[in-house]
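Biologist: Hello! Could you walk me through this protein, one question at a time?

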Amino acid sequence: VTPPAETYRRLPGRRRGVITRASIWMGSDHLLLVKSAWFREEYKRFYLRDIQAIVVAPCARFHVSVPILVCALLWLLPLVTVSLWPAGLGVVWVVATLAMVATWVSISAASSCRCRLYTAVSRDELPSLYRTWTARQFLNQVKPWIDRVQGVVDAGWAEAERSNAGPAAAPVAARSPQPAARIARRSHTLASDLFVLSLFVGALVDLSVVRSHVAIWPKVTTCLSLAQLAGAIAVMVQHYRGVLSSAMNKLAIAALVPMGVMLYAQAIALSFPNIDWLNVNGAAISLSWIAVTHQVVDGAGLLLGFIGAALILRGGSPHDPDIIKD
Amino acid sequence: LPLWELATADAAACTSCGSRNTVRVFPTLFAAPAAPQLPEAALEGEAACFDHPAKRAVAACHQCGRFMCPLCSVEFDGQVWCPSCVAAGRGPRKAIVLDPSRTLYDSIALAVPILSLLIMWPVTVITGPATLVFSAMEWKRPLSLVRRSRWRFVVAILISFAETAAWLWLLIYWWQRFRMGRS
């Protein structure tokens, strides 16, 4: 009889290169490091009872992952229509590109690290952890599990050794299992509440004025879009800092997608000002096309707003993967 | 750093570059290493180790039953195995606990029809049916340890089926035109 297969839970950190990939998973009593190249995966197990230390050393890591590569290609794609761009758009595009490259360089130089795991007989690098915030998340999730298996170091022992100025005696570790620390993330914060509110207001205002010709409304909707963008960034920052739940973070990411789609649609429409998109029966309907895109995006924003409201009202979920239960 | 400082501090400075490292240490670091259990010499008539006939046996392998001295006994997943069984990966738990690596047949099945379509589409006349056969043959192979779903196989079968069907339709179409041209 084949025994049941081990079930693994993904831990923070994933390295996705063009050819090689790496990730780390939590099993019932061990960490599983998965390294893959082409069509082969290699595994290394670190049993929780054997782990002596985890060290995160800050250093520069200029890793170009596949998602970044895809984003860069998508960003470069509109260049095929550069000759059709209005005068100001090219400058904006170059400035935005430089800003993004500068952000990537600064993150790679200042917020990157190497994470090593020590056992009595080995010292292994964990390649999936190369950003400091991911390494911090990883440590926060793994430490309670290792503490549960190994116990915690007796604080009295460390104090005694400090006062004796040297660990002459054999150190004593408290082996009594301690309850795992609860990493409690909040389901919502003021920033996330304002973000959800901005989703609602932005969608409703945009839906009601999409066909209006009053000059002030485009400025208002642009401001609301910027508010949504700022709110999404704030939510993601709070998630990385371990304050907010992953559900709200996913909502913020999902909200950025329709905004990106809308920006692309507008950029394409601006690139071809004299072409009648979907020319039906000789009537130019390019403006209607943009309006329909607006309505679809607004509908998505409204839906996301409802989901956000549900997340806020639901509060902390017992199934939140970010909460390690005792 | 002294051990007591590692136990209380969350950071340690590198002695060569001075960078401030985040450190989490665990009680195993402070545990004294267990003294190795040395095998005793086997007396006349006593059970001896299979690989070391001069040493007294202390356990039998859970898989093959060979007698083992303390040097040869390997604690493995709550059982005691002999080195040969560990090396050979015997027993029903092999696929779960001993695999150091696996080939991702489902990813191969998915990549072949897609890449051949994107890079050199005429090759799909071969890769389409080949992927169908390959997916059927490798369907029951163990997947990645951490991925359980066979959706890659399913998508690969659908794509290769579509490619094969398209080629069949094209061949029939050409054959019909050829026959019409002759008549």
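**A walk through the model**

Modeller: Gladly! In this predicted model, a nonpolar patch with about 1,000 Å² of accessible area together lies on the surface, formed by Val18(A), Ile19(A), Trp38(A), Phe39(A), Val64(A), Val66(A), Ile68(A), Leu69(A), Val70(A), Leu74(A), Leu77(A) and Tyr264(A).

Biologist: Which helix supplies the largest share of the nonpolar patch?

Modeller: Val66(A), Ile68(A) and Leu69(A) are among the patch members. Helix H1 of chain A covers residues 66-76. The largest share, 5 residues, comes from helix H1.

Biologist: Is Tyr264(A) buried, partly exposed or exposed?

Modeller: Tyr264(A) is found in helix H7 of chain A and belongs to the nonpolar patch. Buried means under 20% relative accessible area and exposed means over 50%. Tyr264(A) has 33% relative accessibility, so this residue counts as partly exposed.

Biologist: And Lys250(A), is that residue buried or exposed?

Modeller: Lys250(A) has its place in helix H7, residues 246-271 of chain A. From Lys250(A) to Val235(A) there are 15 residues in sequence and 9.5 Å in space, C-alpha to C-alpha. Because its relative accessibility is 56%, Lys250(A) counts as exposed.

Biologist: Now the strands, please. Which residue is the bridge partner of Ser23(A) in E3(A)?

Modeller: Strand E2 of chain A spans residues 20-26, and strand E3 spans residues 30-37. These two run antiparallel, joined by 7 bridges, and form a hairpin with 3 residues between them. In E3(A), Ser23(A) has as its bridge partner Val34(A).

Biologist: How many bridges join strand E1 of chain A to E2(A)?

Modeller: E1(A), residues 9-16, runs antiparallel to E2(A), and a hairpin of 3 residues connects them. One bridge pairs Arg16(A) with Arg21(A). The number of bridges joining E1(A) to E2(A) is 5.

Biologist: How many residues of strand E2 are buried?

Modeller: Strand E2 of chain A has 7 residues and is mostly covered. The number of buried residues in E2 is 5.

How values were computed:
Residues numbered from 1 in each chain as written. Chains lettered and ligands numbered in written order. Predicted model: local features only at pLDDT ≥ 70, side-chain atom pairs only at ≥ 80, totals over all residues. Heavy atoms only, no water. Buried < 20%, exposed > 50% of the residue type's maximum accessible area, 1.4 Å probe, protein only. Helix = DSSP H or I, 4+ residues; strand = E, 2+ residues; numbered from the N terminus. Pairing = 2+ DSSP bridges. Patch = residues over 30% accessible without salt bridge, like charges linked within 9 Å, V, L, I, M, F, W, Y side chains within 5 Å. Areas by Shrake-Rupley, 256 points an atom, 1.4 Å probe, with all protein chains shown as cover. Salt bridge = Lys/Arg side-chain N within 4 Å of Asp/Glu carboxyl O.
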